[in-house]
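Biologist: Hi! Could you walk me through this one? I'd like to start with the strands.

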2 protein chains.
Amino acid sequence: MASDEFDIIRRYFNSDTLAFPATEVALGIGDDCALLRPGAGMTLAMSMDLLQEGVHFLADADPFLLGKRSLLVNLSDLAAMGARPLCFTLGLCLPRVDAVWLEAFSRGLAEVAQANNCPLVGGDTSASHPDSGSLTLCIQVHGELPAGEALRRDGAQPGDHIYVTGTLGDAAAGLGILQGRLGATLADAQRAALLDAFYVPESRIEAGMCLRSFANACIDLSDGLASDLMHVLRASGVGAEIDLQALPLSAALQGCVPQALQEQMAVSGGDDYELCFTLPPEREAAMQAALASLGVPVRHIGVVRAQQGLLWRKEGTLSTRQWQGYRHFSAAHMPDEGEH
Amino acid sequence: MASDEFDIIRRYFNSDTLAFPATEVALGIGDDCALLRPGAGMTLAMSMDLLQEGVHFLADADPFLLGKRSLLVNLSDLAAMGARPLCFTLGLCLPRVDAVWLEAFSRGLAEVAQANNCPLVGGDTSASHPDSGSLTLCIQVHGELPAGEALRRDGAQPGDHIYVTGTLGDAAAGLGILQGRLGATLADAQRAALLDAFYVPESRIEAGMCLRSFANACIDLSDGLASDLMHVLRASGVGAEIDLQALPLSAALQGCVPQALQEQMAVSGGDDYELCFTLPPEREAAMQAALASLGVPVRHIGVVRAQQGLLWRKEGTLSTRQWQGYRHFSAAHMPDEGEH
């Protein structure tokens, strides 16, 4: 009777590769609840994403890459808080039961779960008919960090320097390539790098944990620098000045689009899942040494000001430029999202 | 730009009535993660449900009752584990932004959240166009319980007595009424009682916490006694004998459908969200006194046997009867679900 769903769970999800044991997981898949034991004195951090076919991803998205990306973008929220991943839960509504899709999707999840020691511990799976409901997935990640050490959005101080990890705008370019709007003349290696930036954002978990010792505030860049930095500034009651010429751009992005569009993609492209954080200048050298030892590139891009508002510096001139959101899909396909 | 979603969150969800403070919640809505601090020595229990319009509930479902029911059925999983609720997260995908719907839905959630001291702490909201995606909600509840005291499914012992709280089959009858298939001749009070059983299942949180001192195994009845008890028996490697004449039936159910159908609804109707649990006979008196002091009705309905399989006793005769699933909607509208 309920064999379909229980079969799906057993075959594709309650597997050694995905639902593997972890010290803090007292009970995984198969009971009314999963049970988790964070370490003594640790705070639990959690974040949820709900993704729907036709809304948040295209129906023909590669299921292996979709599995990887779905878990990676959730882990990015743990990184932004400075948390170490413990486990995740998965809700699935499947209008069709496609063994090839399920195998590839769960393999993508498993690859990221193993790399981050973050097993699947539970969730909810239902199969419906193709004419009812949309393919939907919901992932919640859980991590831990020492009490009081979370990298919050509300701690930025006037005088703090502002930094980002990695490079910006690559994911927006990758999505443009996916949609056939960009990259016709790119070399294969550059195409691949930009597509990877969209589908397989770098895990910044280690960087986030390391930044607990240095940063006053941190956020991950999901909607784009302009939009996400404003969350930090508003929460902290401060403003900022960003040097547009300091933004880290990859060679691939620079080879892909004109300079003005590079800038726009870096500022408002979204989906980069790099960390943006602030800290006092006197901690800069130690932070840079620590991130360098992890192999994480970091760039100083601006400064926090006491006066509210976000200023953009270019060639010596400051402006309050409002960036057009560089949204990838039409409104019907890529809504703005509000993380709670 | 992203004002719609952030407006929705601020207006309907990040409110005093729904996102209220709680001791264990270190940080609620508004950062990359919510932060939770379970008590020292406590284990965290969590459970997720993903619900989609047209699949798990009808498009014209009353949003206030849908809000209440969505959180109540999740809390039932905490009850089945013996956990005390701490907080919940909510994922929403909204193909239309309907202020009346959102107000009523969030009010329903808030009523149950307050009654169970279980505030909203985070999640993910997106609005899409009506022609992309289905209205979908995902709820994850989080609770705590002393390490090692969880009511698991795998602890039933041969010789244990089997009990259920409340009455069985009422929710199935309530859904039958909703769909116009049942209850044409019922008195208003009985109709209301059965509809309530479907929409507003009793919270068995206190009963579950109390049962930590007595029960060897426990599950909540979401798919029906026959189906859910089998999960306990399989996990525990045992069998059981259930006395059909001992099943607790409400006067409303008895006034609603013929006797054979009462039995079928009680055994395989589902959606009752009562607790089914086992314990050694020597603990029965103390358990009954404890549940009576909470005002929770309980009924002894059978016994655990060493031999696997599920037997049904009626008028002195034992059978291995396979119950037809009494599924409420067509297959397209009420799929079987697999909880991980």
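Modeller: Happy to. Strand β7 (residues 161-165) of chain A and strand β11 (residues 298-305) of chain A run antiparallel and are joined by five bridges. Strands here are DSSP runs of E with at least two residues, helices are runs of H or I with at least four residues, and both are numbered from the N terminus. Two strands pair if DSSP finds at least two bridges between them.

Biologist: Which residue stands opposite H161(A) in β11(A)?

Modeller: That is V303(A). β11(A) also pairs with β9(A), in the antiparallel sense, over four bridges. There, G239(A) stands opposite R305(A) of β11(A).

Biologist: Before I go on, what kind of model is this, and how does the numbering work?

Modeller: It is a predicted model, where local features need pLDDT of at least 70 and side-chain atom pairs count only at pLDDT 80 or more, while totals for chains, interfaces and linings use all residues. Residues are numbered from 1 along each chain as its sequence is written, and chains are lettered from A and ligands numbered from 1 in the order in which they are written.

Biologist: Thanks. How many helices and strands does chain A have?

Modeller: Ten helices and 14 strands. One of the helices is α7 (residues 225-236) of chain A, with twelve residues. From its first C-alpha to its last, α7(A) reaches 16 Å, close to the 16 Å expected at 1.5 Å a residue; the expected span is 1.5 Å times one less than the number of residues.

Biologist: Which residues of α7(A) are buried?

Modeller: L225(A), A226(A), D228(A), L229(A), H231(A), V232(A), L233(A) and S236(A). Buried means 20 or more other C-beta atoms within 10 Å of the residue's own, exposed means 12 or fewer, and partly exposed is in between, with C-beta atoms placed from the backbone.

Biologist: And what covers the buried residues of α7(A)?

Modeller: The cover includes β8 (217-220), β9 (239-243), α9 (259-268), β10 (275-279) and β12 (309-314) of chain A.

Biologist: Zooming out, how much of chain A counts as buried?

Modeller: 59% of its 340 residues. The C-alpha trace of chain A spans about 70 × 50 × 30 Å along its principal axes.

Biologist: What about domains?

Modeller: The domain assignment of chain A gives domain 1 (3-146) and domain 2 (161-319); such bounds come from an automatic or database domain assignment. Their C-alpha centres lie 27 Å apart. The contact between them takes 18 residues from domain 1 of chain A and 17 residues from domain 2 of chain A, where contact means C-beta atoms, placed from the backbone, within 7 Å.

Biologist: Which element gives the most to the side of domain 1 of chain A that touches domain 2 of chain A?

Modeller: α2(A), with twelve residues.

Biologist: Now the chain pair. How many residues does the contact take from chain B and from chain A?

Modeller: 72 residues from chain B and 72 residues from chain A. On the side of chain B that touches chain A, the largest share, nine residues, comes from strand β3 (residues 42-52) of chain B.

Technical notes. Two residues are in contact if their C-beta atoms, placed from the backbone, lie within 7 Å.
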